[in-house]
Structure formats: structure tokens, C-alpha cells
Amino acid sequence: MALIEVRDLHVHLGESHVLQGVSFEVPEGGVTALLGRNGVGKTTTLRALMGLVPRRGRVSLAGAELTRLPTHRIVQRGVGYVPEDRDVFAGLSVDENLRIAERNGSPRYELVYELFPELKTRGAQKAGTLSGGQQQMVAIARALLNENSVLLVDEPTKGLAPLLVTEVAAALERAAELATVLLVEQNLAVVARVAQQVVVLDGGRVVHAGGAKELLGDPERVRALLGVHGGGH
Amino acid sequence: MSTFILLTITGLGLGAMYFLIASGLSLIYGLMGVLNFAHGAFLTVGAYATWWTSTHVGGGPGAKLLVGAIVGLAVGALLAALVELVLIRPLYERHIEQVLVTVGLALVLSALVEAIWGFDARQFPVPDWLIDTTTIFGANIPNDRFLEIATAVLVFLGLTAFLRYTRYGLIVRAGVENRAMVTALGIDVRKSFTLVFAIGGLAAALAGVLSGVYFGAVDPGRGTSLLIFAFIVVVIGGFGSIGGTAIAAVVVGLVQQYANYYASSGLGDLAVVLLLALVLLARPGGLAPKVAH
Ligand SMILES: Nc1ncnc2c1ncn2[C@@H]1O[C@H](COP(=O)(O)OP(=O)(O)O)[C@@H](O)[C@H]1O
Ligand SMILES: [Mg+2]
């Protein structure tokens, strides 16, 4: 059985009907990549799963319906969220950004500091003064601090230098050993490295779902679905 | 020189009251996006609860004032928490409706106070030592000014410590920046809304008590007249910033006193509005960025 089931999800934002009946499943374990051209509604899909935008349809986690729950209850069911623009609290220190994310008495600081040692040395620094890459580390660390069954991660490598992309990809691989990851990612090299499954959105619906290797191995298909060339660039 | 000292300390005392009102307003707006027009009513109700209690307990004016103030503060905090739970919360994220509700509530509460206790000012129990003066560099300063200033300093320190060192304080500071992200970390941010309302109500009631001491009486319009200046303080200080609010409160209190004396009586209010315009032209976001600290 799939860990996450999304059925006929609809979202209206302002005048536009952004999601028009999105349905897909995320199997337990590993990384499922949510792909699609800019503006097709990938971020909106994650925000709808989180209950951050008004939505219609059904979302279930391990068989339990989530759609009626407010955001904080969804998170308490074991869902971690790394938003598209990091959304670290700029006026709070790195330590405070992590501390506010603690949901119980046993936060996993060893794991977080092992993946991102910099966060330890920069603990007292205001998150607003960090580089984009460091802010991304804070955002991922907040989600990894708790034992989650699912992580929703939105474009974690956006705007990062190549070295940092590698570091974030390694962190995602590690995260995928601990939880099921639903990943929005434009960098197909990262997708090829970390994802086993792909779901492709277009025109407000899912237009393709299947294995990551199969899709990425077919440049024609990739171009047709995503409007880019396959092969990682 | 002695006049200048008197004006300065009186201005600081006035600023202290503005700070007590404005700090709650500022946190509520910063965290929830609600401009709370009922905040002045919290002050009025707190002051009337203090006065009413003082007429029902024995002892000298000091004891009456102390017992009355304790009840007044409790009433202010409870009223504010109740308002958040019953009126604001059901309108979650509907800011315009929330603001309209607070406007309506402000009207209803002052009408209620007028209906029960009339339009006339009620005498506040003020012990003699607060009316007596202390001479500083030749200026005779009424002692209540020092009480106002000391209280505001304590509240400022308490609020700062709350924001900096407690879990709820952390949630409030984060929520002022990005409410949605706080909920996306698994936190029920609405609990901190109620708490911030209660703290704001308590501080407003405290301002009610102190204004009762300052003027020697309380009347139904007290909250509304002070609220206007508190709004100006919040705008100048920057929403959601306790430090910015404190600085702005002091500046507004001083400017008002100096202008009233050195320019002409009545010009104080105009000077404050001019100050507001100047600050908004120079720094549209107020003195401080939108970060609670
Ligand atoms: N608050 C909003 N109001 C109206 N339209 C929005 C809003 N947010 C996003 N959209 C629109 O919804 C569509 C999907 O956006 P998004 O989910 O961010 O796409 P993606 O993450 O796939 O790039 C876009 O066309 C965007 O313009
Ligand atoms: Mg996006």
C-alpha cells in the first residue's frame, strides 16, 4: 500500500484553478520526485498536502485522512516540510531556528550536526545573515530534527553553487534512509541521483508517473513532459 | 532648568503609559495582523475594575489601590483572552472582519461602562506619597511619575525576557516573521495568539491603573484618547518590535510635553502627528524592522 495517497486534489488560488484534480501515490521509502515546468503547481501541491492552502479532494497518510486537519496536526502526524524559499526565521539565531522546530524531548541534533557541521559553529548567528546555502541547511535541519515518516522538500538546490548542490543531495539521500521523501526538484542530475519514482504535473494534473530511471533515460519523453533536455543539464 | 526637568520626567511618565498600551497593540498586530481597536477598552475596563474594587475594600488609599489594581489587571487580561477566544479566533485569517469586530467591541464596551457608571469621572484612590513631590535639581516632581516610569521599565524588561528566553516567546518572535511557517513546524500558533492578547490586556489595564493615578480619576473616554497616541507610537516604532515601541513611546511622550510648553498649549498633539509624518516619510516601516525583539 502507498504511504501517501492523493486523490482528486483541487486548489484555487485567486482567480486561477491551479490544481485540477491531481491524483498520485507515494510508495513508502526512498525518494519520489514531483516534476513539471515552472508554474505548473508543484509548490502548490506540497502546500496543499500541508494544509497551507484551501483545498478540495483527499490526502491520506498511511491510510489516515489528512484533509480535515489543520497544518500543525498534519505535521504532528510525522510530516516534515522544507519550503521552497527556505523560510528560515531571519531574526532568530540558527540555534533558535532549530529549537523552535523541536516537537518532543529527543531532537536529533547529532544527525543534524553530522550532516551540517556548520550549523553548530554558527549557532548564535542570525539566520537572516546566512548565505542561501546555509539557510537551506537550516531549513532541512528543521525537518530532520524530528522523527518524521514523510518529508516534503521543495527545490532544495535552487540557486545553490554546485558544491552545495552535492552537499544537499547527500543530505537528501541520508534523509531518504530515515523517511519517505517527496521532492520537488528542477535539477535532473539531482533527481537521477536520489529519486526512484517520478510524478510529473502539467496543466493542473498528473501527466506521468513511474520509475525515475525509465523517464530520465528517455530524453524525448523528458523534453515532451518537462520542456528540457534530459541527461542532467 | 527646573521646568525642563519637570517636563522631561512628566513626558517620560506619559511615554511609560503609551508604552504599556502600545506594546500589546504592537505584538498583537505583529503576530496576528489584527489592529486591535478594542485595546483602549481593555484599559478603560481595567481602570474601572480597579476603581470599583477599591470602593468595596477597606484600608487606606494605598491598600485600596493595590487590591483594586490586582483585580483590575486580572480583569484586563481575562477580558482580552476572552475576546481573542470568542470573537477573534472564529474569524481566523479574516483580518478585515477581525478589525471590524474590535471596532464594534470598543464601542460596545465604552457604551456599557457609560451605562453602568455614567459619564462622570470617578475618583481614584491615590495615596498621599504618590501625590507628594520629590525635588530634583530644583524641580518638584510628583511621585506618581516615578511609579509610571518604573512600572513601564519593569514591563519592558519582563516582555523582553519573555520573548527572548521562553518557548512561547520564541514562537511569538517567529510568528511575527512568518505565521504559516510556525504552523508548518507542528505548532498551534493560535495558542500564542490568546496568550499575546492576555499579555496585551494586562499591560493595557496597567496603563489604566497608572492613568487613574496620574489624573486622579477615571472616565469612560480615557482608553480611547490614550489609544490614539498608542497607535501613533506603534506606527513610529514599527509593528511587532518591543524595543522600537519603547523608544517611540518615550519620544512621543517627550515631544508632546515639550511642544505643549515651549510652543503653545495644544500644539503637543499636533507635534506628535508631525513627528509621525516625518518618520513615515523617512522610514515607511517605522523605526524598527518587523521583528519582535
Ligand atoms: N497566491 C497566489 N495567487 C494566485 N495565483 C498563484 C498564487 N500562488 C501561486 N499562483 C499560481 O499558481 C501556479 C502554480 O504555482 P506553483 O505551485 O508555485 O508552481 P511551481 O512550484 O510548479 O513552479 C502559478 O501559475 C502561479 O502563478
Ligand atoms: Mg515551486
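1. Let's start with β1 and β4 of chain A. In this predicted model, β1(A) pairs with strand β4 (residues 56–61) of chain A in the antiparallel sense, over 5 bridges. If you want one spot to look at, take A:Ile4, whose bridge partner in β4(A) is A:Leu61.

2. Zoom out and that pairing belongs to an open sheet of 4 strands, in the order β2-β1-β4-β5 (chain A), with antiparallel pairing. Strands β2 (16–26) and β5 (64–65) of chain A sit at the edges, each of them pairing on one side only.

3. A:Asp8, which is found in strand β1 (residues 4–13) of chain A, has a phi near 55°, a positive value in a residue other than glycine. Most residues other than glycine have a negative phi. Is A:Asp8 buried, exposed or partly exposed? With a relative accessible area of 43%, A:Asp8 falls in the partly exposed class, because that class covers what lies between the 20% and 50% limits.

4. A:Glu155 is the other one I'd flag for its backbone: its phi is positive, about 45°, although A:Glu155 is not a glycine. Here we are in the loop between β7 (150–154) and α7 (162–178) of chain A. A:Glu155 has 7% relative accessibility, so it counts as buried.

5. Helix α1(A) lies across β1, β2 and β4 of chain A, and runs at about 110° to β1(A). A:Thr44 is in this helix and is buried, with a relative accessible area of 11%. What does A:Thr44 touch, not counting residues up to four places away in sequence? The list is A:Val11, A:Leu13, A:Val18, A:Leu19 and A:Val53.

6. Now the metal. The magnesium ion (ligand 2) is coordinated by A:Thr43 through OG1 and by A:Glu84 through OE, at 2.0 to 2.7 Å. Those two residues come from distant parts of the chain, 41 residues apart: A:Thr43 is in helix α1 (residues 42–49) of chain A, while A:Glu84 is in the loop between β6 (79–82) and α3 (94–99) of chain A. Water is not among the atoms, so the site may look incomplete.

7. A:Thr43 has a relative accessible area of 22% and is partly exposed, whereas A:Glu84, at 19%, is buried.

8. As a general matter, nonpolar side chains in soluble globular proteins tend to be buried together.

9. Leaving aside neighbours within four places in sequence, A:Leu152 is in contact with A:Leu46, A:Leu49, A:Met50, A:Val79, A:Gly80, A:Tyr81, A:Val82 and A:Leu182.

10. Last, a helix pair. Helix α6 (residues 132–144) of chain A packs against α7(A) at an angle of about 5°, with the axes 11 Å apart, which makes the two roughly parallel. On the α6(A) side the contact is made by A:Gly133, A:Gln136, A:Met137, A:Ile140 and A:Leu144; α7(A) supplies A:Leu164, A:Glu167, A:Val168 and A:Ala175.

Note on methods. Residues numbered from 1 in each chain as written. Chains lettered and ligands numbered in written order. Predicted model: local features only at pLDDT ≥ 70, side-chain atom pairs only at ≥ 80, totals over all residues. Heavy atoms only, no water. Donors = N, O, S within 2.8 Å, 3.2 Å for Na, K, Ca; no water. Buried < 20%, exposed > 50% of the residue type's maximum accessible area, 1.4 Å probe, protein only. Contact = heavy atoms within 4.5 Å. Pairing = 2+ DSSP bridges. Axes fitted to C-alpha atoms, helices over the stretch in contact; angles between N-to-C directions. Parallel < 35°, antiparallel > 145°, perpendicular 65-115°, else oblique.
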